[in-house]
Every structure is written in C-alpha cells, then in structure tokens.
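Reader: I have a structure open and I am new to it. Can you take me through some of it?

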Amino acid sequence: MPHADQEAQDKASHTKPVQRNSIFNRAMRLRSRGKARDASEGNAGHPADPLENENSVNEPLTLNLPQSRKHLWRIPTQTDPGAKRTSESSSTPGNGATPEEFPALADSPTTLTEALQMIHPIPADSWRNLIEQIGLLYQEYRDKSTLQEIETRRQQDAEIQGGADGCPSSEEAPEEDEGEEEEEPASPPERKALPHICLLSNPHSRFNLWQDLPEIQSSGVLDILQPEEIRLQEAMFELITSEASYYKSLNLLVSHFMENERLKKILHPSEAHILFSNVLDVMAVSERFLLELERRMEENIVISDVCDIVYRYAADHFSVYITYVSNQTYQERTYKQLLQEKAAFRELIAQLELDPKCRGLPLSSFLILPFQRITRLKLLVQNILKRVEERSEREGTALDAHKELELVVKACNEGVRKMSRTEQMISIQKKMEFKIKSVPIISHSRWLLKQGELQQMSGPKTSRTLRTKKLFREIYLFLFNDLLVICRQIPGDKYQVFDSAPRGLLRAEELEDQGQTLANVFILRLLENSDDREATYMLKASSQSEMKRWMTSLAPNRRTKFVSFTSRLLDCPQVQCVHPYVAQQPDELTLELADILNILDKTEDGWIFGERLHDQERGWFPSNMTEEILNPKIRSQNLKECFRVHKMDDPQRSQNKDRRKLGSRNRQ
C-alpha cells in the first residue's frame, strides 16, 4: 500500500541508528550470540525479539523488536510535539524500516537518558489513577519502607556471612544470587530481585514498584535497562509516590481535623494557630511539588531525573518547612495543655481519631508529618545519588539537591533547638546561686550539653581504706557547649555554684587501676577555674556508661575506642537501628528506623556512642535498639556510599589537605 509505505519511510527518517559502542547499547542486556542466531533462523520472515550482535564493531546496531513493542523504542533525533504517537504506529503494519546509517563513534557522548528520550509517555489519566490508588497514609508508608530497608540489610548480611569464599560481592549479590534464593522457601524470590529498593507495600494498590506499572511491563524496557538503572528508576519512583502519600496525609490533617467546624468552636484562634501553624502553606508547596513530579513522570516511562525539581523547590519554596518545624516546641506544649485542660477538645479529638480515614493514627502523628518528610526527602535523594552514574550530570544535580535539603534540615533543627534552648537556659539561671563571682548563664550562643549528679572524692588518692560514705560527697554538674559549672544541690530545688571553667580548658582521664571502691572513677582537670588556678577533681559515676558519657562530653576531642567517619577508613564497626529511640538526655541521639551508625565507643552495660552516617550526628543510645552489621563488605559499601554523598560538602577538608601537601613539599 503506497500510503503505508510512505508512512513507514516518514517514520524511518526520524529514527537514529544505535551504535554498538554507544552507552545506550552497553546498557542493553544482550543475549548470547547462539540464541540470537537460532531465533533469527527459526523465525525467518518475522521480527526477532532479542537483539542480534553484528560482526563489525563499526556497523550500526538495528533493533528488531516485535511489532507490539517497536513503536515504543524508536529513538527520535529531535523532540517533535506533533509527531505521531504510539496509537498511529501500532495500527500501521510493516513498521520495520531500516534506520539510516551513521559512522560509529567509539566514545559516544549519548547518555542512557538521552538515548531513551521520548520513548513513551504515561497518559495523564493513568498516572492520576496511580496516585489515587495509593491507599497508604504517609505514616504507614514510612514504617513499611524503613522496615523493608532493615530486612534488606539483614538478608544481605546473612547471605554473605553464611556463604562460601567465592560468594559475589555485596553489590553483585542481589542479581547473581537470585536463582539460588528461589529454592529457599523462607525468602520470597520477588523480594530478592531488587533488595536495595524500599518497597511501597500497599494492599490497596496494585502497584508496588515502578516495574509493576502496566506501561512498563508492556513496553519491554525491563529487557533493555541494566539492573542498576532499574534500581535508579525505582529510587526516583519511590520519591514521587512517597510525596503523593505525604500529600494524602496532609490533606487529611487539614480536611478532617483543622477544618472541623466543632473544633473551630472549641479552639481559640491563637490556639488553633499554634496547633496547626502554617500547615496550609506546607500543603500548597507539597501540591505544586507533586504536580511537577507528576508532569515529569507523564513525559516518559523511563524517568529522566527528579533531583532538578527537588533542588529548585528546596532552594526556593521549602522555607515553609522551617517556619512550621520551628514552632514544634510550642505546638507540642499547646497540644498537651489542650488535652489536659479542655475536656471538649480531648473528647472530639478521640472521636475524630476513630474515623476509619485515620487508620488508627493519632493527631500527633499528623502534626509531625512536615518534619518527618523533610528529613526523609533528604534520605530519598541520597538513595538516588548512590545509584546515578559517577561524574554525570544527574550526579551533579543530585548533589546540588542534597546540599540544599541539608541546609533546610539544618535550619529546621536549629529552629527547634533555639526555641527549647532559650527556655531551658532561663530556667537554669533561676535555679543557680553563686558562691563565687557570678557568671552570666543566658546567651544566644550557649546551650546545655549534659547535667547530672556525680560523687566527688574528698581526700588523697591513697585513702582507699576509708568508708565510702566519708570518701565521697555529692556534687552537681551543668555542662554547656562552652562552660562547665560545678554546684552543690541545696534545698528548694536550687544549686549553689562553687566553681566553673571554660569547656576548652577541661581534661578528663580514666583511672588505670580501679579497685572496687574506685570503680567508675575518673579525673577531671580544670586548667583554669574561676579563681584563675588549676583544679583537679576525682569524680565517681553511678555506672561505667555514665562515666564514659561524662568523659566524652567533658573532653569531646579525646580518642574514642573506634575511629570516626571523618577518618575516611573503609571499615568500622556499624549498627543499624531496628527500634526507634527518643533521646532522654542532651548527650543522647534520637534514632529512626533503618539509621546506620558507626560505633565510636561502647560500654559493658549496654550503651553505644555512635555517629550516624547520613548527617554525622553523634550521641549515646542503648545497644538493644540496634543490630550490628557483621559483613565487612556491607560496612565498606555503606561508608563508600556515604563518602560519595558528602564528597562536595567538606571544602575545608580539601583546603587542609592542599596545605599539608604544600607543607610537605616545602620541608623537602
């Protein structure tokens, strides 16, 4: 038919040959030459499904795909909004036009994303249906996602620990061990296919992963993309779907709680403002952010990138999160007071929480959503950054987005701390009575690091024969970020200050030979106290962990048992959080599920001093909240990924390194 021939020629003119040495071709998983040759001989006259290898390296590679898939994988030379789409090409038989031949390039600059450009858009209606069918609230999604991360690491750790010496590395284990795992009934094979992915396990939606989308299944893209690119697609897809789940929860907070007419009558406008803050602004930003992510998803079934959108919103719009999170201290206090003092408020909230829409979740879990989301978003970008190709444009975009999100998260944390610290300092100042020269406690740059009671040894070190009650007397320490205040507790919940010293002039030493009486005793030296003299105190803690915690806080630069993240070593004892933990003291670290931490020190009575990898925050936490990662390959992989994420965030380190190099040359 002339019309069909002309249309085939027109479509062929828009195609571009795929070179054997191009990145696009290297990204394809080619089957063996024997299978391809047998398939081509046995199906003469029909297009072969697998890609066939050519004899000459310089010849262009022609993709011979089934008629139902061929229209999805034409690579246009230019973007043409008016070009005929899949409905036209699929209805026209004989679309097997040979692409024009171009000279092969050994080092093609074409990236995988560019090569797959304009493959096939997802219809807007299909994408909206996907968003609507996400039945999980964000709290449920977040819990399921983090639990999946924990299980993934457990499986990886168990696999390689229990495997033979010839077991593949941790990076290759998921793909190569897939067939072996299918024989084990305890581990479902479908969860072993892509163990790095945080699954959106949702009983109310038929979509769990990007690769489960009908458009993905029918397109044949899974037969072409490499496993690492599929994992990258899943990571970007998770960011999009989690934002949809988050917006769903925010919308429920506003429509079900904030805009409830009975609640409006119960709350004073000032109380409502403190309780809900600027949540409407946060939801408006989330809606616009989600719409842009949706448009990117609608452009192509293979997502080009999402970090450019994240970067733009983090830089220009996410300041609304800082405003909301900074109000958290007053929000929590107001919520508790309302529950205690207003019976009508308490009864109505309990009634609203019983609604099936809330899935049994309390109002407090909805109020904390923005802070949880902004921290989780940074981790999702980290997950993408670990999977993009190094030194690529997408890596640069992901690094920029991560850096902007870190600034937002840091500002949020500072906002919360500033509110609580100011009130805490005022309260401490009121309780102090100075026996020495008064020291101003309240300062915008000062905050409390640790406080507590210790026992001071009275008498020489050799007085070990004295009874314990005469050997020690109680003192109370307030340790700030720049100052130590030593007091004695007096009646009326007051503290009498008898000594102080700048924190930078403190030294803490552990006694080497400790008997039963001097167990958990350490020496604290004040190089210059309030009287401008050196002073020494022998202090006894209630336990080994308490002694080490005080020594770590008093002298933060003292050497720990294990090295820190900044040492750049490729192995260090690590744990992952399996139970969330809320810090009870200023020197403790709040843990979220699936957090990975380097162990810096630990005690025999069950406490660990650790450094979280994703933000380098340090603190103490109970060891039973975590599980140790035993596989050194997994530990090394975690550190390498962390170094990559933070490689652009430490310019001072690079400057110091250059100075050291220059100094070594001068000495030579």
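Reader: How do H19 and H20 pack, at what angle and how far apart are their axes?
Author: In this predicted model, H19 and H20 pack at an angle of about 105°, and their axes are 5 Å apart. Axes are lines fitted to C-alpha atoms, for helices over the stretch in contact, and angles run from 0 to 180 degrees between N-to-C directions. H19 is therefore roughly perpendicular to H20, a label for angles of 65 to 115 degrees; under 35 is roughly parallel, over 145 roughly antiparallel, and the rest oblique.

Reader: Which residues make that contact?
Author: From H19, the residues are Tyr335, Leu338, Leu339, Gln340 and Glu341; from H20, they are Ala343, Phe345, Arg346, Ile349 and Glu353. Contact means heavy atoms within 4.5 Å.

Reader: How do they divide into nonpolar, polar and charged?
Author: The residues of this contact are 6 nonpolar, 1 polar and 3 charged. Ala, Val, Leu, Ile, Met, Phe, Trp, Tyr, Cys and Pro count as nonpolar, Asp, Glu, Lys and Arg as charged, and the others, Gly among them, as polar.

Reader: What about the length of H19, what should its 14 residues span?
Author: At 1.5 Å a residue, the 14 residues of H19 (residues 328-341) should span 20 Å, and the end C-alpha atoms are 20 Å apart, which agrees. The expected span is 1.5 Å times one less than the number of residues.

Reader: Which residues of H19 are buried?
Author: Gln328, Thr329, Gln331, Thr334, Tyr335 and Leu338 are buried in H19. Buried means under 20% relative accessible area, exposed over 50%, and partly exposed in between (1.4 Å probe, protein chains only). The buried residues of H19 pack against several helices, including H15 (269-276), H18 (319-326) and H22 (369-385).

Reader: And H22, how many of its residues are buried?
Author: H22 is mostly covered, with 14 of its 17 residues buried. Those 17 residues should span 24 Å at 1.5 Å a residue, and the end C-alpha atoms of H22 are 24 Å apart, which agrees.

Reader: Step back a bit. How many helices and strands are there in the protein?
Author: The protein has 27 helices and 15 strands. Helices (H or I, at least four residues) and strands (E, at least two) are DSSP runs, numbered from the N terminus. Of the 668 residues in the protein, 48% are buried.

Reader: What share of contacts join residues at least 24 apart?
Author: That share is 68%, among contacts between residues at least 6 apart in sequence.

Reader: Now some single residues. Where is serine 249 found?
Author: Serine 249 is in helix H13 (residues 227-258). Serine 249 is buried, with a relative accessible area of 0%. Not counting residues up to four places away in sequence, serine 249 touches Leu137, Tyr138, Gln139, Phe366 and Leu369. Glutamine 139 is 110 residues from serine 249 along the chain, and their C-alpha atoms are separated by 8.0 Å.

Reader: Isoleucine 629, buried or exposed?
Author: Isoleucine 629 is buried, at a relative accessible area of 4%. The residue sits in strand E15 (residues 626-629). Beyond its neighbours within four places in sequence, the contacts of isoleucine 629 include Asp157, Gln574, Ile596 and Asn638. Its C-alpha is 9.6 Å from that of alanine 158, 471 residues apart in sequence.

Reader: What does tyrosine 537 touch?
Author: Leaving out residues up to four places away in sequence, tyrosine 537 touches Gln456, Ile486, Phe498, Asp499, Phe522, Ile523, Leu524 and Leu526. Tyrosine 537 lies in strand E10 (residues 535-540) and is buried, with a relative accessible area of 8%.

Reader: What is the phi of asparagine 520?
Author: Asparagine 520 has a positive phi of about 65°, although it is not a glycine. Asparagine 520 is in the loop between strand E8 (506-510) and strand E9 (521-526), and is buried at 18% relative accessible area.

Reader: And where does alanine 594 lie?
Author: Alanine 594 lies in the loop between strand E11 (574-577) and strand E12 (596-602). Its phi is near 75°, a positive value in a residue other than glycine.

Reader: Which pLDDT limits apply here?
Author: Local features need pLDDT of at least 70 and side-chain atom pairs count only at pLDDT 80 or more, while totals for chains, interfaces and linings use all residues of this predicted model. Residues are numbered from 1 along each chain as its sequence is written, and side-chain values use heavy atoms, with hydrogens and water left out.
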